[in-house]
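Here are some questions and answers for a reader new to this structure. The model is a predicted one.

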Amino acid sequence: MWTDLDVRHLLALRAVAEEGTFGKAATRLGFTQSAVSHQIASLEQVVDARLFDRPSGPRRPTLTPAGRVVLRHAEIMLAQLETAEVELDRHRRGIAGTIAIGTFQSMTAVVLPTTISHFRREAPDIEIRLVQEDPLTNYLDLLFTGELDACLTVGPTPDSVNSLLLGLDPHVAVVDPSTPAGPVDTYSFSGQPMIGQPKTDACQQLVDTELERLGITSNYVFNSYDNGAVQAMVGAGMGIAIMPLLTVDPGDTSVAIRQLDPPLEPRMISVVWDKDRTPSAATERFIEIMASVCEQKLAHAAEVGPRR
């Protein structure tokens, strides 16, 4: 094993071979001629072989057979190092690599398309992978094993991760379009047929906890992880729903969106990443863009949604 091999040895070998003299190689490398001679001598000691024949007089040094073998491998190693340097620089600047994000339905539909579009303009060569599961399960396990760089979560975040609050998503009533304008009495939902998501869903658990806190008896007649299906069943007259604002399609004329009075606790949306892993520059930039987009989407939804 050539454990004493140094990159400077290989650079000196290549420079002398290409320039033809120790003096020109020294000028190219920014060294003194004696320093280049020392590097070549050190390399010959490491590989235990003479690499240059050094004739007397004006004749140039020439590679020995052993020198040609070492030079061939030196060129491969130096090219690989140069490639690594470029690749690392691209990673450092956040314009190369892969990022994997765990997400959930409403963020996938509303926030991530705009986020990815903005991010793509800055870093078109980054490969983006999204993982979506309903309900949100095993995301932290995937985070800690390195399969995800970051994941979106609902509710409080554990101490084992770094987190950034992206926004508070208010709950709204999704009701028949004939419902009078203005806030809907939350207590009026007690006992009425309701449409919701399965009880294992984190967002549904938040709604149920809030209804229980207010002493409201829920009566679910249909449950689905599909936000569109929940809204469609309200539009069909099957019941009413309480949904986070970002999950609602404001352009659906078969339903009306109303504020709740009293309001329920909003849905807390955060992005988390492993505190024991250094995020890539690309991941940090993606999170930064996503936070900005989420803030804009929530502000726009609050202006448009509950007025219908």
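Q: Are Phe22 and Phe52 buried or exposed?
A: A residue counts as buried when its relative accessible area is under 20%. In this predicted model, Phe22 and Phe52 are both classed as buried.

Q: What kind of aromatic pair do Phe22 and Phe52 form?
A: Phe22 belongs to helix H2 and Phe52 to strand S1, 30 residues apart. Their ring centres are 6.0 Å apart, with 65° between the planes. Planes over 60 degrees apart count as edge-to-face, so the pair of Phe22 and Phe52 is edge-to-face.

Q: Which helices are tied together by the pair of Phe119 and Phe286?
A: The two ring centres lie 5.4 Å apart and the planes are at 75°, so this pair is edge-to-face. Phe119 is buried, with a relative accessible area of 1%, and Phe286 is buried at 0%. The two residues are 167 apart in sequence, and the helices they lie in are H5 and H9.

Q: Which strands are at the edges of the open sheet?
A: The sheet has five strands with mixed pairing, in the order S4-S3-S5-S14-S6. An edge strand pairs on one side only, and the two that do so are S4 and S6.

Q: Which residue is the bridge partner of Val154 in S14?
A: Strands S5 (residues 150-154) and S14 (residues 267-274) run antiparallel and are joined by four bridges. In S14, Val154 has as its bridge partner Ile269.

Q: What is the relative accessible area of Gln204?
A: Gln204 sits in helix H7. Its contacts beyond four places in sequence include Pro198 and Tyr220. Gln204 is buried, and its relative accessible area is 5%.

Terms used
Residues numbered from 1 in each chain as written. Predicted model: local features only at pLDDT ≥ 70, side-chain atom pairs only at ≥ 80, totals over all residues. Heavy atoms only, no water. Buried < 20%, exposed > 50% of the residue type's maximum accessible area, 1.4 Å probe, protein only. Contact = heavy atoms within 4.5 Å. Pairing = 2+ DSSP bridges. Phe/Tyr/Trp six-rings, centres within 6.5 Å; stacked < 30°, edge-to-face > 60°.
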